Amino acid sequence: MIVCHCQSITDHDIRAAVTWMRAADPDTIVTPGKIYHALGKRADCGGCMPLLLDVMRKTESFGVPADPAQVPRLRPMRLRA
Ligand code: FES
């Protein structure tokens with residue numbers, strides 16, 4: 001399915017770019033700008049952004065895998081008297 005008509009980007013292109021970025025750097029934050037850059041293209045009208053975001057977020061490898069060892073522990077606040 002064509003997602004971006006200005007740049008002829010398909011949903012398959014978006015999923016492939018997200019998967020490639022995640023494989024290259026497991027901690028990277030995937031953004032629409034990075035997807036366009038990875039595909040060697042630039043957004044034009046931006047009309048595709050809602051659908052592009054939807055496809056990007058639904059890609060299986062979109063999320064950054066959580067490492068419980070790196071999640072900071074929060075300490076309770078001390079209240080001043
Ligand atoms: S439809 Fe994607 S930039 Fe225009």
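Predicted model: local features only at pLDDT ≥ 70, side-chain atom pairs only at ≥ 80, totals over all residues.
View 1. Residues are numbered from 1 along each chain as its sequence is written. Helices (H or I, at least four residues) and strands (E, at least two) are DSSP runs, numbered from the N terminus.

**View 2. How α1 and α3 meet.** Helix α1 spans residues 11-24, helix α3 spans residues 49-58, and their axes come within 9 Å of each other and cross at roughly 50°. Because of this angle, α1 is oblique to α3; angles under 35 degrees count as roughly parallel, over 145 as roughly antiparallel, 65 to 115 as roughly perpendicular and the rest as oblique. On the α1 side the contact is made by Asp11, Ile14, Arg15 and Val18, and on the α3 side by Leu52, Val55 and Met56, where contact means C-beta atoms, placed from the backbone, within 7 Å. Sorted by type, the residues of this contact comprise 5 nonpolar and 2 charged ones, with no polar residue among them.

**View 3. The two sides of α3.** Leu52, Val55 and Met56 of α3 are buried, a label that requires 20 or more other C-beta atoms within 10 Å, while 12 or fewer make a residue exposed and counts in between make it partly exposed. These three residues cover an arc of only 100° around the axis, and therefore they lie on the same side of α3. On the other side of the helix, Pro50, Asp54, Arg57 and Lys58 are exposed. Among the elements that cover the buried residues of α3 are β1 (2-4), α1 and α2.

**View 4. Asp11, a residue of helix α1.** Asp11 belongs to helix α1 and is partly exposed, because 18 other C-beta atoms lie within 10 Å. Leaving aside residues up to four places away in sequence, Asp11 touches Met1, Val3 and Val55. Asp11 and Val30, by contrast, are 19 residues apart in sequence and 15 Å apart in space, C-alpha to C-alpha.

View 5. Ser8 sits in the loop between β1 and β2 (9-10), and its phi is near 55°, a positive value in a residue other than glycine. With 11 other C-beta atoms within 10 Å, Ser8 is exposed. Thr28, which lies in the loop between α1 and α2 (32-38), is exposed because it has 12 other C-beta atoms within 10 Å. Although Thr28 and Val64 are 36 residues apart in sequence, their C-alpha atoms are 7.3 Å apart in space.

View 6. Cys45 is located in the loop between α2 and α3 and counts as exposed, because it has 10 C-beta neighbours inside 10 Å. The C-alpha atoms of Cys45 and Cys4 are separated by 9.4 Å, and the two residues are 41 residues apart along the chain. Pro65 lies in the segment after α3 and, with 8 C-beta neighbours inside 10 Å, counts as exposed. From C-alpha to C-alpha, Pro65 and Ala43 are 28 Å apart, and in sequence they are 22 residues apart.

Notes. Axes fitted to C-alpha atoms, helices over the stretch in contact; angles between N-to-C directions. Contact = placed C-beta atoms within 7 Å. Nonpolar A, V, L, I, M, F, W, Y, C, P; charged D, E, K, R; others polar. Arc of directions from axis to C-beta.
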